[in-house]
Amino acid sequence: MKKTRVDLHNHTTLCNHATGSMEEYVQKAILEGIDIFGFSDHAPMHFDPKYRMDITQKESYEKDVLILKEKYKKDIEILLAYEVDFMQNTSLMLDEILNAKVDYLIGSIHFIQEKDSSLWGFDNPEFIGKYKEKNIDDIWIDYFEVVEQLAKSKLFDIVGHLDLIKVFKYLPNKDIKSLSYPALKAVKNANMTLEINAAGLRKPINQPYPSKELLELAFELDIPITFSSDAHDPSQIGFMYDEVTSLAKKIGFTKCVTYKNRDKQLVTF
C-alpha cells in the first residue's frame, strides 16, 4: 500500500517572521519526498499585525500558491490554506478569511483573553513573565477552555499545535488527560483533525505538539491526525518527520488526513 507523506502547516515571508521564497519551500518539500504540501500562512485579523499578513496581501498570497500548485503539479500536490488565530472576541477574526475558498483552515490559539479583557500572547517570549503570576493549573484550565471554544465554533478543519501552552516548559500539576478531556471531546464532536506539529521539537519544551499523552487520548476518542512542520524557513520542512510519524504509529494511528476544498480525505502514512 502506497504511503503518503503529508505536511500541511507551513508559512511564507508574508507573516513577517519567516524567511525564504515560496518556491524554495516547494522545492525543499519535493526534496524531502513530501507528497502533499500545504501553505497555511498566518491569516490577517484586527489584532497583532506584526506577526501576520495584511488583508491587502490575501489575493496575491492565494494567487501565488495556485501558480506554484500548477507549476509543480507533476511533482507534488500543493494545498492552499490559512492558519487563523481563534479569538475569544470573535469580531477580531475576518469573515473574508473564514469564508475564503481554501482547502482547509487551521484554527490556532496564541492568545488568552484575561478577566480585564486584555490579551496574553502566551507563546511570545516577551510575555513569559505571566506564567509566574498565576497558578499553572489555572493557566492550563483557561487554555483548554479556549480550545473547547475553538472547536465549538466549527469554523476550522484542523486544530493547530493543540498544547502550545507548554512551549516554555511550564507544565501542569494536574493530570493532563483530565484537564484536556472536555476540549478533545469538543474537537471530536466538531469532526476536526489534530495536527502533530514538529515545531515543538525546536522549542524549549523539545516535544511535538501534542504530547504523547494527548495523542493517546485523541486515539481513544477516534480523532484523526495530520502532520505539520510549521516551517518558517525552507530548512524546517520535513523536520523530524520520521520521528513524529513513528510516534503516531506506536500509539496506533495508521492513516492521516489531508483536505481538498474543505473536504477531509484519509491517506496511509
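At what angle do the axes of helix α1 and helix α2 cross? Keep that question in mind as you open the model, which is predicted.

**Stop 1: α1 and α2**

Select residues 22-31 for helix α1 and residues 58-71 for helix α2. Their axes cross at roughly 35° and come within 11 Å. The crossing of α1 and α2 is right-handed. Now show side chains. On α1, the contact is made by Met-22, Glu-23 and Val-26. On α2, pick Tyr-61, Asp-64, Val-65, Leu-68 and Lys-71. Colour this contact of α1 with α2 by class: five residues are nonpolar, three are charged and none is polar.

**Stop 2**

Step back to Asn-16. This residue sits in the loop between β1 and α1. Check its backbone: Asn-16 has a positive phi of about 75°, although it is not a glycine.

**Stop 3: the largest pocket**

Which residues are the closest to the centre of the largest pocket? Select His-17, Tyr-51, His-110, Asp-123 and Lys-203. These five come from a lining of 32 residues. The pocket itself has a volume of about 730 Å³.

**Stop 4: the cis peptide bond**

Go to Tyr-209 and Pro-210. The peptide bond from Tyr-209 to Pro-210 is cis, with omega near -5°. Pro-210 lies in the loop between β8 (193-197) and α6. Follow the chain on to α6 for the next stop.

**Stop 5: α5 and α6**

Select residues 176-189 for helix α5 and residues 212-220 for helix α6. The two axes come within 10 Å and cross at roughly 45°. α5 and α6 are therefore oblique to each other. Here α5 passes α6 in a right-handed crossing. Show the side chains that meet. α5 brings Ile-176, Lys-177, Ser-180, Tyr-181 and Leu-184 to the contact. α6 brings Glu-213, Leu-214, Glu-216, Leu-217 and Glu-220. By class, the contact of α5 with α6 has five nonpolar residues, one polar and four charged.

**Stop 6: the cavity**

How many cavities of 30 Å³ or more does a search of the whole structure find? The search finds one. About 30 Å³ of space lies in the largest cavity. To see what surrounds the space, select Val-6, Asp-7, Ala-198, Phe-227, Ser-228, Ser-229, Phe-239, Tyr-241 and Val-244. Then colour by element. β1 (6-7), β9 (225-228) and α7 (241-251) each give two or more residues to this lining. Switch to colouring by class for a last look. The lining of the largest cavity has six nonpolar residues, two polar and one charged.

Definitions and conventions: Residues numbered from 1 in each chain as written. Predicted model: local features only at pLDDT ≥ 70, side-chain atom pairs only at ≥ 80, totals over all residues. Heavy atoms only, no water. Axes fitted to C-alpha atoms, helices over the stretch in contact; angles between N-to-C directions. Helix = DSSP H or I, 4+ residues; strand = E, 2+ residues; numbered from the N terminus. Parallel < 35°, antiparallel > 145°, perpendicular 65-115°, else oblique. Left-handed = near helix turned anticlockwise from the far one by under 90°. Contact = heavy atoms within 4.5 Å. Nonpolar A, V, L, I, M, F, W, Y, C, P; charged D, E, K, R; others polar. 1 Å grid on protein atoms, 1.4 Å probe; cavity = no way out; pocket = protein on both sides within 12 Å on 5 of 7 lines; lining within 4 Å. Points joined across faces, edges and corners; volume = space filled by probe spheres on them.
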